[in-house]
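Have the structure open beside you, and take the topics in turn.

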Amino acid sequence: MSDTIAAIATPPGRSAIGVVRLSGDDAADILARVFYPKRARFVSHRMEYGTVKHNGADVDEVMAVVMRAPRSYTREDCAEIYTHGGTAALRGVLNAVLANGARPAAPGEFTQRAFLNGRIDLTQAEAVMDIINAKTETARAAGLKMLGGGLSGKIKLFRDTVLKWLAHIELSIDYPEHESEAMNRAVILSEAAPLIEEINRLQATSKLGRIITDGIRTAIIGRPNVGKSSLLNAMLSEDRAIVTEIPGTTRDILTEPVNIHGIPLVLSDTAGIHATEDVIERRGIDKAIAQAEAAALVLFVADASQPPADADREILEKVAHKQVIVVLNKYDKPRAAGWDEVIEGFPGAVSISAKNLTGLDELSEAIRVRCMAGLEDASLEADIITRERHGWLLSQAALSLRRAEDALTGGVPEDLVSVDLREAYRQLGEIIGEEVSDDIVDRIFSEFCVGK
Ligand code: GDP
C-alpha cells in the first residue's frame with residue numbers, strides 16, 4: 001500500500017546516539033536485510049541488539065526496534081535503528097536501508113503519514129512542529145495542549161452546530177411542506193450569535209499566541225553608562241529557562257527569548273553597545289532610536305541618580321509613540337531632581353537597581369501588564385491560537401456565519417443561506433485538515449524537518 005521511507009531522525013553533528021527511522025510496508029523486511037540480531041526474532045515494540053551490515057561489511061553496532069502497525073507513529077509498520085552518534089555511522093546505516101528498498105523521506109513525511117492515516121488531525125500535526133520549534137516553556141505547553149486535541153475538539157463542536165443548521169435548512173429546501181420555515185430561521189438565528197461570538201473569542205487569542213510563539217521584540221535603550229547591560233544581565237539571570245542551565249550551552253540573546261513571568265522577550269542587541277563605543281553621544285542617540293523603532297516594547301533606562309540630560313529627553317520624546325516602560329535605574333543611590341517632569345506622560349515607570357537586583361519583580365509586572373493589555377480574558381491555560389492559518393480560517397468562518405445570519409434576517413431564500421453555511425463548515429474543516437487541499441497539506445509539512 002505504501003512505499004517505505006527512511007531518514008536520519010536526529011540532528012546533524014556529534015552525539016551519543018543517532019536514530020535512523022523507517023516507515024512503510026517493508027520497514028521490517030528492510031531492517032531484516034541489514035540488521036543481524038544477536039538473538040533470534042523480533043517482537044513488536046521490543047529493542048534488539050545487533051549489527052548493521054552493508055555489502056558484507058559491518059556498518060555499526062546498534063539497537064533496533066520494529067513497531068507493527070497500527071501501534072506506531074505513522075500507523076504503518078515502523079522501524080528505528082539506534083546507532084552511535086555522528087554523521088558517518090548514521091549515513092552508513094541510512095545508506096544500507098536505502099540500498100535495500102527504502103527511499104529518502106521528504107520533510108515531515110512521517111508526521112504527514114500519521115495525518116493521512118488518521119492518527120492525528122492537522123492541528124495536531126502542526127502542534128508536533130510547534131513543540132519541536134518551541135523556545136519557551138509557554139510555547140511548549142501551548143503546543144502540547146494542541147497536540148492533545150483541545151483545539152480540534154472545539155472546532156469539531158463548532159462544525160457540528162453548523163452542520164445541524166445546514167440539515168434543517170436543506171430539509172426545508174427539499175421538503176418545504178415538512179417544516180415550518182419561520183421556526184427554522186428563528187432557531188438558527190438564536191444560536192448563531194453565540195457561536196459567532198465564541199469563534200471570535202477563540203480567534204482573539206491569536207494575539208497572545210503570536211506573543212507566545214514569536215516573543216516580543218524588546219529594545220533596552222538609554223544613554224551610555226545608565227545600566228543597560230547590567231539590566232540585561234539581571235534579566236538573563238532571573239530567567240530560569242532550560243537553555244541557560246545546561247552547562248556548555250551559550251544562549252544567543254539575539255534570537256532566544258528571555259522568559260519574563262511566562263512572557264518571552266526577544267531582546268535586541270543593546271548589550272552589544274558598550275559605553276566605549278558610544279563616545280560620540282549623537283551616534284548613541286540615533287542608534288537607540290533606531291532600535292526602538294524596530295521593537296514592539298521599549299525599556300528606556302535612565303540613571304536616576306543623575307539629573308536628566310538633554311539626551312534623555314530627546315530619546316524619550318522620539319520613542320514616545322512606542323510601548324515604552326521607563327526604567328529609573330541606580331535606585332540604590334539618591335534620586336536626582338527633575339525626573340518626575342521628564343517621565344510625565346509615561347505611566348508605570350519603575351525604579352530598579354540593576355546592580356543590587358532590586359525592583360526587578362516590579363519591572364516584570366510592568367512588562368506583563370503592558371504586553372497583556374487587552375488580553376486580560378486570554379489565559380495561558382485556555383486553548384490559544386498560535387498559528388496564523390488557524391486565526392485566519394476562524395475569522396473567515398465567522399464572516400461566513402455573519403453573512404448567513406444577515407441572509408436569514410433579511411429573508412433571503414434558503415439555498416443562499418445554505419451556501420454561506422457550507423462555506424463556514426468548510427473553513428472550519430480546513431483548520432483540522434478536513435476539506436483541505438493537497439497543496440496546503442504539502443506546504444504545511446514541508447516546514448518540518450526531515451525525519452519527523
Ligand atoms: P550601559 O552602558 O548602559 O550598558 O551601562 P552598564 O550596565 O555598563 O553600567 C554602567 C555602570 O553603572 C557600571 O559601572 C555599573 O556597575 C553601574 N551600574 C549599573 N546599574 C547600577 C545600579 O543599579 N546602581 C549603581 N550604583 N550602579 C549601577
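Seven strands make up an open sheet with mixed pairing, ordered β3-β4-β5-β6-β2-β1-β7. Strands here are DSSP runs of E with at least two residues, helices are runs of H or I with at least four, and both are numbered from the N terminus. Two strands count as paired if DSSP finds at least two bridges between them. Please keep in mind that this is a predicted model: local features need pLDDT of at least 70, side-chain atom pairs count only at pLDDT 80 or more, and totals for chains, interfaces and linings use all residues. Residues are numbered from 1 along each chain as its sequence is written, and side-chain values use heavy atoms, with hydrogens and water left out.

- The edges are β3 (35–37) and β7 (103–104), each of which pairs on one side only.
- β3 and β4 (residues 48–54) run antiparallel and are joined by three bridges.
- Y36 has T51 in β4 as its bridge partner.
- Helix α1 (residues 27–34) packs on this sheet, touching β2 (17–23), β3, β4, β5 (57–67) and β6 (78–84), and its direction makes about 75° with that of β3. Contact means heavy atoms within 4.5 Å; axes are lines fitted to C-alpha atoms, for helices over the stretch in contact, and angles run from 0 to 180 degrees between N-to-C directions.
- Helix α3 (residues 109–116) also packs on the sheet, where it touches β1 (5–8), β2 and β7; its direction makes about 135° with that of β1.

**Backbone details in the loops**
- Most residues other than glycine have a negative phi, and most peptide bonds are trans.
- N55, in the loop between β4 and β5, is not a glycine, yet its phi is positive at about 50°.
- The A69 to P70 peptide bond is cis, with omega near 0°, and P70 sits in the loop between β5 and β6.

**The six-stranded sheet**
- Another open sheet, again with mixed pairing, has six strands in the order β9-β10-β8-β11-β12-β13.
- Its edge strands, β9 (258–260) and β13 (350–351), each pair on one side only.
- β12 (residues 323–329) pairs with β13 in the parallel sense over two bridges, and L328 has S351 in β13 as its bridge partner.
- Helix α12 (residues 310–319) packs on this sheet and touches β8, β11 (297–303) and β12, its direction making about 165° with that of β11.
- Helix α8 (residues 206–214) lies across β8 (216–221) and β10 (263–267), running at about 55° to β10.

**The ligand site**
- The ligand is surrounded by 15 residues, the closest being N225, K228, S229, S230 and D332; a residue counts as near if one of its heavy atoms lies within 4 Å.
- Helix α9 (residues 228–238) gives the largest share of this shell, three residues.
- By class, the shell holds three nonpolar, six polar and six charged residues. Ala, Val, Leu, Ile, Met, Phe, Trp, Tyr, Cys and Pro count as nonpolar, Asp, Glu, Lys and Arg as charged, and the others, Gly among them, as polar.
- A ligand oxygen atom lies 2.6 Å from an N or O atom in the side chain of S230.

Note on methods: A polar contact is a pair of N or O atoms within 3.5 Å; within protein, one must be able to donate a hydrogen and the other to accept it, and residues adjacent in sequence count only if both atoms are side-chain atoms.
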